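Here is a briefing on cavities and aromatic pairs. Please keep the model in view while reading.

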Amino acid sequence: MSLTDKDKAAVKALWTKISKGADAIGADALGRMLIVYPQTKTYFSHWPDLKASSAPVTKHGKKIMAGVAQAVAKIDDLTSGLLDLSELHAFQLRVDPANFKILAHCLQVVIATMYPNEFTPEAHVALDKFLSNLALALSEKYR
Amino acid sequence: MVEWTDFERATIQEIFSKIDSGVVGPAALSRCLIVYPWTQRYFGSFGNLYNAAAITSNPKVAAHGKVVIGGLEKAVKNMDDIKTTYKDLSVLHSDKLRVDPDNFNLLADCLTIVVASQMGQAFTPDVQAAFQKFLAVVVASLRKQYH
């Protein structure tokens, strides 16, 4: 399910509308994931506070969205564009790739709550494809 | 037997009392057919599903969306034994409709997105957790009679 030109245009158009709120989206999505999918907390045992509004969650949500922004910029070749991030996730973080889908879902839920008019079904399908391809690029170096 | 906390019970009742089934049902089903186009395989008799605009304005899709929400409302009224409540529905989806049960999760995700966009900030993480738990129980009950 690779990205068509139409998908790329839709993702870029949606990103233009939501990028100013990226930090808030990242923090909300991450905090939400830790609550709705408690098994994901296992990756953050080194944080003292896992509440949605805590400093580590807010900071890390920002970092995640910077990664998403990098992916939007490299949308024509996600595999090479996200090589450094793939190596990080594969060799250091070793996050089970099943969790990429979970975070993608939470990102979409947050975007739906914050931008209901922009997150049309057409925007949704393009973003869902984009996040799936992003996850695939992130898992590239795993084995 | 599924254990529901007071918060979960109250949250589910409140969501379904507040949402407009005539809006949420059609929106969730049409979103599912657009975002996961392979689900269209079950709706061959619904006519024009060629693009997003056609799906969104298709009256059969809208009508069926309402049927789906009606089914969910039945589960809300019988939260303590959804499995038994859904026995016939499960047989129907397995034997007559022959729906791949993995599709239930796709529709559930679209329902979550639609309810989230309706509720905005009120769709907190705890509310999302309760709603997704409810949908997980519904999906498991719908899968139960597959053989």
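**Cavities and ring pairs**

Helix 2 of chain B gives the most to the lining of the second largest cavity, namely four residues. This is a predicted model: local features need pLDDT of at least 70, side-chain atom pairs count only at pLDDT 80 or more, and totals for chains, interfaces and linings use all residues. Residues are numbered from 1 along each chain as its sequence is written, chains are lettered from A and ligands numbered from 1 in the order written, and side-chain values use heavy atoms, without hydrogens and water.

**Second largest cavity**
- Its volume is about 30 Å³.
- The lining consists of B:Val24, B:Gly25, B:Ala28, B:Leu29, B:Val68, B:Ile69, B:Leu107 and B:Leu111.
- Two or more lining residues each come from helix 2 (21-35), helix 4 (59-77) and helix 7 (102-119) of chain B.
- Helices are DSSP runs (H or I, at least four residues), and strands are E runs of at least two, numbered from the N terminus.
- Seven lining residues are nonpolar, one is polar and none is charged.
- Nonpolar covers Ala, Val, Leu, Ile, Met, Phe, Trp, Tyr, Cys and Pro; charged covers Asp, Glu, Lys and Arg; the others, Gly among them, are polar.

**Largest cavity**
- The structure holds two cavities of 30 Å³ or more.
- A cavity is a set of points on a 1 Å grid over the protein atoms alone where a 1.4 Å probe fits but cannot get out; lining residues have an atom within 4 Å of a point.
- The largest cavity has a volume of about 100 Å³.
- Helix 1 of chain A supplies the largest share of its lining, four residues.
- Helix 1 (5-18), helix 3 (55-73), helix 6 (98-114) and helix 7 (121-138) of chain A each give at least two lining residues.
- The lining has twelve nonpolar residues, no polar and no charged.

**Aromatic pairs**
- Over all chains there are nine aromatic pairs.
- Rings of Phe, Tyr and Trp (its six-membered ring) pair if their centres lie within 6.5 Å; planes under 30 degrees apart are stacked, over 60 edge-to-face and the rest tilted.
- B:Phe104 and B:Tyr146 have ring centres 6.3 Å apart and planes at 75°, so they are edge-to-face.
- B:Phe104 lies in helix 7 and B:Tyr146 in the segment after helix 8 (125-143) of chain B, so the pair ties together parts 42 residues apart in sequence.
- B:Phe104 is buried at 10% relative accessible area, while B:Tyr146 is partly exposed at 24%.
- Buried means under 20%, exposed over 50% and partly exposed in between (1.4 Å probe, protein chains only).
- Ring pairs link B:Trp4, B:Phe16, B:Phe123, B:Phe131 and B:Phe134 into a cluster.

Terms used:
On a 1 Å grid over the protein atoms alone, a cavity is a set of points where a 1.4 Å probe fits but cannot get out, and a pocket is an open set with protein on both sides within 12 Å along at least five of seven lines; lining residues have an atom within 4 Å of a point. Grid points are joined across faces, edges and corners, and a volume is the space filled by probe spheres set on the points.
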